[in-house]
Amino acid sequence: MVELKNVAKRFKDFVAAENINISVESGEFLTLLGPSGCGKTTTLRMIAGFEQPTEGEVWVNGQMVNHVEPYKRDVNTVFQSYALFPHMSVFNNIAYGLRMKKVPKSEIKERVEKILKLVQLEKFSSRKPHQLSGGQKQRVAIARALVNNPKVLLLDEPLGALDLKLRKQMQVELKHLQQELQITFVYVTHDQEEALTMSDRIIIMNDGMIEQIGSPTEIYERPKTRFIADFIGETNLFEGAVTRMDDQFVYVNCASQEIKVHREFTSDLSDQVSIAVRPEKMKILPAPDEELTAIRGILREKIYVGSVTKLIFEFPNGQHVTVNETEGHRGMSKIGDQLYIGWHPKDSVILRA
Ligand SMILES: Nc1ncnc2c1ncn2[C@@H]1O[C@H](COP(=O)(O)OP(=O)(O)O)[C@@H](O)[C@H]1O
Ligand SMILES: [Mg+2]
């Protein structure tokens, strides 16, 4: 439905995006995720047609659209600033685009009413934007894009202005809406949790480049680069030297311990590598275990954060490691205890620097 082929965008000699290759399936929810300034909006604007690529091709619905005007593309955009007309009612805001296209009056009424129902704003159709809450305004902005029956909806941080609770509620609503209407969504956010919650696939961008494309599980469980392991969630990083390999595992010497990682979860095989293990994949072991990688550490700190207790251990090389405890022995260990921390080789990855 949307394809970017070797796209680059430069502003004078500043590179905002480079080597962008993206292919979005029909009906897919695809998210561009990355820190502020990494090139997400620029990429989205090239799909919308508000920005011309310096290099490469943009395709929408089987057509090369580099030279097609934004309003003639099969896409609609929802911006973070809702950009509603303040003097117009909700109904008229939504109807505006259809009127411009000279859609017959009776059809406009029918289509706007249907969309109002879909976004649960039937009762608000005659209100003006200033008489609406942030979440309601956001729904109007989305309704105004949806009423055009776009093949593709582009959304740039559409929930950014909402408070946390409302944002979470809208995430679920928006995802349901997308599934119900089977519209292709290209969604931009810097919020990792939002991306993990909503997307079929996530594209991680960093400094104008794509770092990884994958499902939320792949991105979270098998990050390929150090940047991603750091950016998404919490992680423990170990540095070490590769000592040997066999058919199944790569062995890394770290803090005079051997850590093994499945070969298939290895994105780098230089001499010095970084290994990532999520805090919730680490467990306190009663004794060392053949199956697991186990390192002995001293418990230095316990932090209770409600859903988990974070245990901070010091390993023999002085490194600190966080273990998230949920159930089981939660809270049983004491500061100063010497304990084995273990994890399964399948829960560790070797990252690219
Ligand atoms: N019109 C422009 N002229 C010059 N630089 C720009 C322009 N638009 C964006 N940039 C720069 O390109 C980079 C990427 O911007 P943007 O795509 O808006 O990032 P994001 O949406 O990921 O925060 C930023 O460093 C930004 O300052
Ligand atoms: Mg942006």
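Let me begin with the conventions. Residues are numbered from 1 along each chain as its sequence is written, and chains are lettered from A and ligands numbered from 1 in the order in which they are written. Because the model is predicted, local features need pLDDT of at least 70 and side-chain atom pairs count only at pLDDT 80 or more, while totals for chains, interfaces and linings use all residues; side-chain values use heavy atoms, with hydrogens and water left out.

I turn to the open sheet. Its 4 strands follow the order β2-β1-β4-β5, with antiparallel pairing. Strands here are DSSP runs of E of at least two residues, and helices are runs of H or I of at least four, numbered from the N terminus; two strands pair if DSSP finds at least two bridges between them. At the edges lie β2 (14–24) and β5 (63–64), each pairing on one side only. Between β2 and β1 (residues 2–11), which run antiparallel, there are 7 bridges. One example is V7, whose bridge partner in β2 is I20. Helix α1 (residues 40–48) packs on this sheet and touches β1, β2 and β4 (55–60), where contact means heavy atoms within 4.5 Å.

What joins β6 to β7? The answer is 4 bridges, and the two strands, β6 (residues 75–78) and β7 (residues 152–156), run parallel. V75 has V152 of β7 as its bridge partner. Both faces of β6 are covered, with V75 and T77 buried on one side and N76 and V78 buried on the other. Buried means under 20% relative accessible area, with a 1.4 Å probe and protein chains only.

Now the helices. In α2 (residues 90–100), the buried residues are V90, F91, N93, I94, A95 and L98. These pack against α3 (105–118) and α4 (134–146). Just after α2, K102 takes a positive phi of about 60°.

Finally, how do α4 and α5 pack? Helix α4 and helix α5 (residues 164–181) meet at an angle of about 20°, and their axes are 11 Å apart. The two helices are therefore roughly parallel to each other, a term for angles under 35 degrees. Helix α4 contributes G135, Q138, R139, I142 and L146 to the contact, and α5 contributes L166, Q169, M170, E173, L174, L177 and L181. By type, these contact residues divide into 7 nonpolar, 3 polar and 2 charged. Nonpolar covers Ala, Val, Leu, Ile, Met, Phe, Trp, Tyr, Cys and Pro; charged covers Asp, Glu, Lys and Arg; the others, Gly among them, are polar.

Methods. Buried < 20%, exposed > 50% of the residue type's maximum accessible area, 1.4 Å probe, protein only. Axes fitted to C-alpha atoms, helices over the stretch in contact; angles between N-to-C directions. Parallel < 35°, antiparallel > 145°, perpendicular 65-115°, else oblique.
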